[in-house]
Amino acid sequence: MRGTVFGRLSIVGGRIEDGPDERGGTQVALPVQQEHPAADAGSAGEAGQPRQRPGRLARIRAGLPRTGLAVLAGLLLAASFPPYDLWPLSFLAVAGFSLLTRGRTVRQGAWTGFAFGLPFFLALLSWLRVIGWDATIGLSVVEALFLALLGGALALTSRLPGWPLWTACLWVTQEWARDRLPLGGFPWGRLAFANTASPFTPLAALGGAPLVTFAVALSGALLAWAALRLRNGPRRSFPLAAPGAVGALAALLAGYLVPVPTGADDTVKVALVQGNVAKPGMDFLGRPMMVLNNHAAETERLAADVAAGRAPRPDIVIWPENSSDLDPYSDPAAYARIDEAVRSIGVPTLVGALVDGPDAQHVQNNGIVWDPASGPGASYTKQHPVPFGEYVPFRAELSQVIERLQRVARDFYPGTHNGVMQLGPARIGDVICFEVAYDEIVRDTVNDGGRVLVVQTNNATYAESGQPEQQLAMSRLRAVEHGRAVLIAATSGISAVIAPDGSVVSRTEELTPAVLNAVVPLRDGTTVADRVGAAPEWALAVTGLLACGFAAATGLRRRRRGGTSAGSEPLTPQVP
């Protein structure tokens, strides 16, 4: 009988049969679709004649169920992220994706990866609709291409022994590339960022976000491996499936064995000021001085409450990113208003301000230490401006085609050093907005002496869209990863105080003026993740690439021998 062998599976007479293996496995026959029975019969009756390949339309039709399942798995992955926070769906989605690419050709795997990735990113990044659905779709397509590459790689390595391990490594490889390319990368949607309050989270203290991603992906891949072993029925196959299920559970629970350092070397009393904006969206700044006046007025109300004994006196005050939309160095009115508010509270204040750059074409996004006696001092300039939001790549060419880009009047000039600064009694590590998503920026502030992490952010453009919740989740992971309290100051929310164990001590509502008062720990010790840096990410990413190379070389040797060995052919016809 004619059949294509895949591992212990073979297609024989329209059935998938699983023959006995060295461990004494039982046989199972599953029906498969015969797409061209007439052609099949003809080819079967003519000895030595090659089997006719099904037409393109038939192949597309045969692949539709798999494509639909990939779309569903991508949407499940999106639901594991904030604002839904259904984190168990993250490794279940990985399991589904692993099953859908298992045994496929590279081309089939790539298509499945794209069908998985596009709906995932469309749902995850739906907050970009404020800028325009064209921006949402364009960025989602670019990011989905990375998952297409991942799908092809998973299909290629699924024929290797130990494929769940290579699957987990390749997830790290994909995120490593996506975090850096193109234009500095876009780390949104990492598996780790869906697991900032799950059993996987403590692993961040050992190997950062990449190790959390690896554990989530390994758990999902092992779950898929176990599901494949159960195809003969639970009672017969349970002994074969048990190792995969136990491994998936071990990966899930391993974080409970990791100690998360939280002990304080000192403490500081802090007040986070959320002044709010008049109108969220693209025009959140309103008229000049409006947002600045909101934050100054809220600080003055805090000073009045302190004087009346209704609020504790803070050691430091933190304003958010863009709390001053005018350059206080060149605008006397902005300088005077900030100085007046800081003098009223009487303690050093971190002010977020837009500052003129080194030339007329640039502006800088700064965090400025403002002393009540001496005025502005040390400052930090955002190192990683957001493409198309804070600067326009290929401005001369693209601005002629996309008129909306002209709203970014001046490109943001990137900073050249990290945000470690002395703010009163606290040595802080300042990161601004999206920078919290980039491993090395946050890690550098800790390794350079930051005792508490500060995230100055302005989410007013994306208020009540889900984006503030996603950024809050990233900050929670950073707290565990570096063993530091994290202070989020946002113009319109969400402002929050996060303990070193990742728990949210207090937070504000969106679009509401508010002040958060808290006593937070200052820590000098570092985690294992701080000390090993990017080494785990590189090791896992390169391992994934090596597995792909080995699988490709093995397949090439088979083709040169002119034969097809086990696993060299897919179980179903190709899809585009």
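**Notebook: cores, then helix 12**

Started with the packing: the largest nonpolar core holds 99 residues, and Phe116, Trp171, Trp188, Ile318 and Leu487 have the most contacts inside it. I asked which element gives this core its largest share, and it turned out to be helix 7 (residues 204–229), with ten residues. Apart from that core I found another, of 22 residues, including Leu302, Ala303, Val342 and Val355. This is a predicted model, so I kept in mind that local features need pLDDT of at least 70.

Next I looked up Phe116. What does Phe116 touch, leaving aside neighbours within four places in sequence? I got Ala70, Ala73, Gly74, Leu77, Ala93, Phe97, Leu147 and Trp171. Trp171 is also on the list of residues with the most contacts inside the largest core.

Zoomed out to the whole chain. I noted 15 helices and 17 strands. Of the 576 residues, 55% count as buried. For contacts between residues at least 6 apart in sequence, I read that 69% join residues at least 24 apart. The chain exposes about 23,700 Å², and carbon and sulfur atoms supply 61% of that area.

Last stop was helix 12, residues 439–447. Which of its residues are buried? I wrote down Asp439, Ile441, Val442, Arg443, Thr445 and Val446. A reminder to myself: an α-helix has 3.6 residues a turn, so residues three or four places apart point the same way. Just after helix 12 I checked the backbone, and Gly449 takes a positive phi of about 115°.

Methods. Residues numbered from 1 in each chain as written. Predicted model: local features only at pLDDT ≥ 70, side-chain atom pairs only at ≥ 80, totals over all residues. Heavy atoms only, no water. Buried < 20%, exposed > 50% of the residue type's maximum accessible area, 1.4 Å probe, protein only. Helix = DSSP H or I, 4+ residues; strand = E, 2+ residues; numbered from the N terminus. Contact = heavy atoms within 4.5 Å. Areas by Shrake-Rupley, 256 points an atom, 1.4 Å probe, with all protein chains shown as cover. Core = buried A, V, L, I, M, F, W, Y, C linked by side-chain atoms within 4.5 Å.
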